[in-house]
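Please have the sequence and the model open while reading.

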Amino acid sequence: MPVPWFLLSLALGRSPIVLSLERLVGPQDATHCSPGLSCHLWDSDILCLPGDIVPASGPVLAPTHLQTELVLRCRKETYCDLCVRVAVHLAVHGHWEEPEDEEKFGGAADPGVEEPRNASLQAQVVLSFQAYPTTRCVLLEVQVPAALVQFGQSVGSVVYDCFEAALGSEVRIWSYTQPRYEKELNLTQQLPALPWLNVSADGDNVHLILNVSEEQHFGLSLYWNQVQGPPKPRWHKNLTGPQIITLNHTDLVPCLCIQVWPLEPDSVRTNICPFREDPRAHQNLWRAARLRLLTLQSWLLDAPCSLPAEAALCWQAPGGDPCQPLVPPLSWENVTVDKVLEFPLLKGHPNLCVQVNSWEQLQLQECLWADSLGPLKDDVLLLETRGPQDNRSLCALEPSGCTSLPSKASTRAARLGEYLLQDLQSGQCLQLWDDDLGALWACSMDKYIHKRWALLWLACLLFAAALSLILLLKKDHAKGWLRLLKQDVRSGAAARGRAALLLYSADDSGFERLVGALASALCQLPLRVAVDLWSRREMSAQGPVAWFHAQRRQTLQEGGVVVLLFSPGAVALCSEWLQDGVSAPGAHGPHDAFRASLSCVLPDFLQGQAPGRYVGACFDRLLHPDSVPALFRTVPVFSLPSQLPDFLGALQQPRTPRPRRLQERAEQVSRALQPALDSYFHPPGTPAPGRGVGPGAGDGT
């Protein structure tokens, strides 16, 4: 369907060069050529079959360069189609045959003529045009008079009018002669698109925006454009009016194209392929690529789009070491998507893998034979190299390189080199590849590994028997030794006690000293205490939020507990967070981890994940437990030092000591904490300025 001129002007822009496109009148194709040449266009299209390259028996005309130009083919003054004009430049290639063969090139056979330059040259030039979903091939007959025939020189050009194409489409053009004497020329061109189709990105999503009128009915299709073969449709839908189609970024690949057309007879289809240079599309392409084993030697690469790649075999040893490419003796092979490839293998092996590289970077690796032959084996790969005069050398492939055999190196293959050579000579190794330049052999190490394990077990049994005999002979000494060992284990367990992260609000310097005394007293127990007072340098480097997140994650991962030590300042901060969702500004220092931690602590309480992971505490004369916000009272809140035994029992769960032992530890902590409490709470009549009791007490700084 012809496109109105105003739409073409919107798509092509207002450049004087573009707006002055030549207009062709009428639907017929035509051809014309340079002065001196004669050319003729066949009446109908031909099959697009390039055929194989054949040797030329004399001088021939060959395409040397393709040139395109956009023109307009107009049915009416204001209704035109965009058309691609193609010019093929020709030159004479090859050499003259003997005079008796001149008949093949249009000249009369005349043995008496020394310079056979009276022969004209003829050629059938094929132009192949592809623009989804259209493919066409036309045949141009060209004749060059003898006077213009000069070896290796251009003789002119032939021009074809023209191939119709949709706005926004990508066109591919090939040119070759029939029969084909040389590799075909090719050219790819992207035509301008209509402005009502746009692509925009929004985070992980991509939006296709179609700005059309509300009454307009149109079709939308997504397809994978293929370099070879027809496009692969992915999605199609008929729509009405302006639309926004959302695609997930994981659906993007470089060859994903969009086609839009009005739902009218013979409508022009607009194509756009906007993701060719998108890095996410190239990453998705390699994520979707798969290697598939067809037979012992043949395999192929499945991928949505064509991609530049090369593949080689590698040897993957157990243990997580990198797969070692077998290049040389094998070589890298170019890979074509969905084309069967072969490696010259005699046998398969689970340790043989295929590596696929693109632009010298490893993109894909799969051990194709492992599915049918089982898991990786602890085999050694021997590389045999053959030189002149039947010279042969052997080396064993190891992570450190290829170790020559025999060798005095300290590697495993070197130590077992004599046995490996014996296995190779006796035919116990599996031959994987053989060539005039060398061979590959896989030798099993199972029997040597079993032998070493048997010796190790025997040594362990002998040691255990000797130890039992010694213990029987020295029974009393053994009891003392076991007692000491038990004490060491207990002391070690104490040293590795439960982790506890202590969080508090830095109301003033006196309260910080009180917190430090409590943390030091808790360290005397089987507890590993973390508090910001002891990590000021780390907090300054990381920031309070990052420091708290790291400490909290480590404490909870190790099964520890987070202690929220409430004070009047802490209660005020919690109330502000619960009311406004943010911390109100205040005179807090740069090291206040409690203030920074609320954004992470509150979600645990709101989601019911705090019990068993958090414990609350406050000091008897400073704050009553009922003053703590109700949300935080979903976990136990203890008043110190009056409830020290219960507090210590909660900290040391699930291994809570016996009541007597717990009481002793509570008295120990109380004695260590008492001087700090006396210093903070002055005797009656001399209260510290700014300090009070209860939830109304403020910051004394």
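A cavity here is a set of grid points where a 1.4 Å probe fits but cannot get out, and its volume is the space filled by probe spheres set on those points. Rolling a probe the size of a water molecule over the atoms shows where empty space is left. The model is predicted. The protein has 701 residues, of which 44% count as buried, and it holds 15 helices and 36 strands. Among its contacts with a separation of 6 or more, 66% are between residues 24 or more positions apart.

**Cavities**

- Three cavities of 30 Å³ or more are present in the structure.
- The volume of the largest cavity is about 80 Å³.
- Its lining consists of Gln130, Ala131, Tyr132, Ser169, Glu170, Arg172, Tyr223, Asn225, Pro231, Asn271 and Cys273.
- By residue class, the lining of the largest cavity has five nonpolar, four polar and two charged residues.
- Strand 7 (121–131) contributes at least two residues to this lining, and so does strand 10 (170–177).
- At least three lining residues of the largest cavity come from domain 1 (23–96 + 120–190), and at least three from domain 2 (197–281).

**Strand 20 and its partners**

- Strand 20 covers residues 298–302, and four of its five residues are buried, so the strand is largely enclosed by the rest of the structure.
- Strand 20 pairs with strand 19 (residues 290–293) in the antiparallel sense, over four bridges.
- In that pairing, Asp302 of strand 20 stands opposite Arg290.
- Four residues lie between strand 19 and strand 20, and the two strands form a hairpin.
- Strand 20 also pairs with strand 24 (residues 341–342), again in the antiparallel sense, over two bridges.
- Here Ser298 has Glu342 of strand 24 as its bridge partner.

**Gln324**

- Gln324 is located in strand 22, which spans residues 324–325.
- Is Gln324 buried or exposed? Its relative accessible area is 16%; because buried means under 20%, Gln324 counts as buried.
- Leaving out residues up to four places away in sequence, Gln324 touches Cys314, Trp315, Leu397, Glu398 and Pro399.

How values were computed:
Residues numbered from 1 in each chain as written. Predicted model: local features only at pLDDT ≥ 70, side-chain atom pairs only at ≥ 80, totals over all residues. Heavy atoms only, no water. Buried < 20%, exposed > 50% of the residue type's maximum accessible area, 1.4 Å probe, protein only. Pairing = 2+ DSSP bridges. 1 Å grid on protein atoms, 1.4 Å probe; cavity = no way out; pocket = protein on both sides within 12 Å on 5 of 7 lines; lining within 4 Å. Nonpolar A, V, L, I, M, F, W, Y, C, P; charged D, E, K, R; others polar. Domains from an automatic or database assignment. Contact = heavy atoms within 4.5 Å.
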